[in-house]
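The sequence and the structure are shown below.

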Amino acid sequence: MKVFISTPMKNRTCEQIEAYRAKQKAIVEAMVGESVEVIDSVIADAEPQGDERIWYLGAALQLMAQADAVVVPCEHIRYEFTGCKIEYEVAREYQKQVVEMPYLPEDSDIMKGIYPQSDWT
């Protein structure tokens, strides 16, 4: 099974993103009882044209088209990241299998990256 993991990226390092994806992959494999292939949607060597946020989202949607399932963050996280929200809506509208993750401890760290003055524990 090929999965696309919708990943919050704003204010996050590559190491944080990779750790997040590894955790999501492990959870999905435990849920389905088999190994899954994660589509690599980190586009490192690109030269975006125009609004780079939209360019990267478009590239992510092209990769999502290859997926059997789309893994999305919990609703609380998903709606704080425009790209994750749009990826979820596209997956749902185009009848992709959607796997919604529970709220995880590291999600509070993601929220602190957006709202550093808040207590997300």
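Predicted model: local features only at pLDDT ≥ 70, side-chain atom pairs only at ≥ 80, totals over all residues.

Which residues line the largest cavity?

## The cavity

The residues lining the largest cavity are Met-1, Val-3, Val-28, Met-31, Val-32, Ala-69, Gln-97 and Val-99. Helix 1 (14–32) and strand 4 are the elements that give two or more residues to this lining. Helix 1 provides the largest share, three residues.

The structure holds one cavity of 30 Å³ or more, and the volume of the largest cavity is about 30 Å³.

## Overall fold

The protein chain contains five helices and four strands. Along the sequence, these elements follow the pattern β-α-β-α-β-α-α-β-α. Of the 121 residues in the protein chain, 36% are buried.

The four strands form an open sheet with parallel pairing, in the order 2-1-3-4. Strand 2 (37–38) and strand 4 are the edge strands, each of which pairs on one side only.

Strand 3 takes part in two of the pairings described here. With strand 1 (residues 2–5), strand 3 runs parallel and is joined by three bridges; within this pairing, Ala-69 is the bridge partner of Val-3. With strand 4 (residues 97–100), strand 3 pairs in the parallel sense over four bridges, and here Ala-69 stands opposite Gln-97. Val-3, Ala-69 and Gln-97 are also among the residues that line the largest cavity.

In a regular strand, side chains alternate between the two faces of the sheet. In strand 3 (residues 69–72), Ala-69 and Val-71 lie on one side, while Val-70 and Val-72 lie on the other.

## Helix 1

Helix 1 comprises 19 residues and reaches 27 Å from its first C-alpha to its last, close to the 27 Å expected at 1.5 Å a residue. Its buried residues include Ile-17, Tyr-20, Arg-21, Gln-24 and Val-28. Seen down the axis of helix 1, the buried residues fall within an arc of 95°, so they line one face of the helix. Glu-15 and Ala-30, on the other side of helix 1, are exposed.

Val-28 is both buried in helix 1 and part of the lining of the largest cavity. After helix 1 comes Gly-33, which has a positive phi, near 75°.

Leu-57, Ala-59, Ala-60, Leu-63 and Met-64 are the buried residues of helix 2. They cover an arc of only 160° around the axis, which puts them on the same side of helix 2. On the other side of helix 2, the exposed residues include Ile-54 and Gln-62.

For helix 4, the twelve residues should span 16 Å at 1.5 Å a residue, in agreement with end C-alpha atoms that are 16 Å apart. Cys-84, Glu-87, Tyr-88 and Ala-91 are buried in helix 4. They cover an arc of only 100° around the axis, and this puts them on the same side of helix 4.

## The largest pocket

How many residues line the largest pocket, and which of them lie nearest its centre? The lining consists of 27 residues, of which Met-9, Arg-53, Tyr-56, Leu-57 and Gly-83 lie nearest the centre. The pocket has a volume of about 770 Å³.

Strand 1, helix 1, helix 2 (52–64) and helix 4 (82–93) each supply at least two residues of the lining. Helix 2 gives the most, with six residues. Leu-57, one of the residues nearest the centre of the pocket, is also one of the buried residues of helix 2.

Conventions:
Residues numbered from 1 in each chain as written. Heavy atoms only, no water. Buried < 20%, exposed > 50% of the residue type's maximum accessible area, 1.4 Å probe, protein only. Pairing = 2+ DSSP bridges. 1 Å grid on protein atoms, 1.4 Å probe; cavity = no way out; pocket = protein on both sides within 12 Å on 5 of 7 lines; lining within 4 Å. Points joined across faces, edges and corners; volume = space filled by probe spheres on them. Expected span 1.5 Å × (residues − 1). Arc of directions from axis to C-beta.
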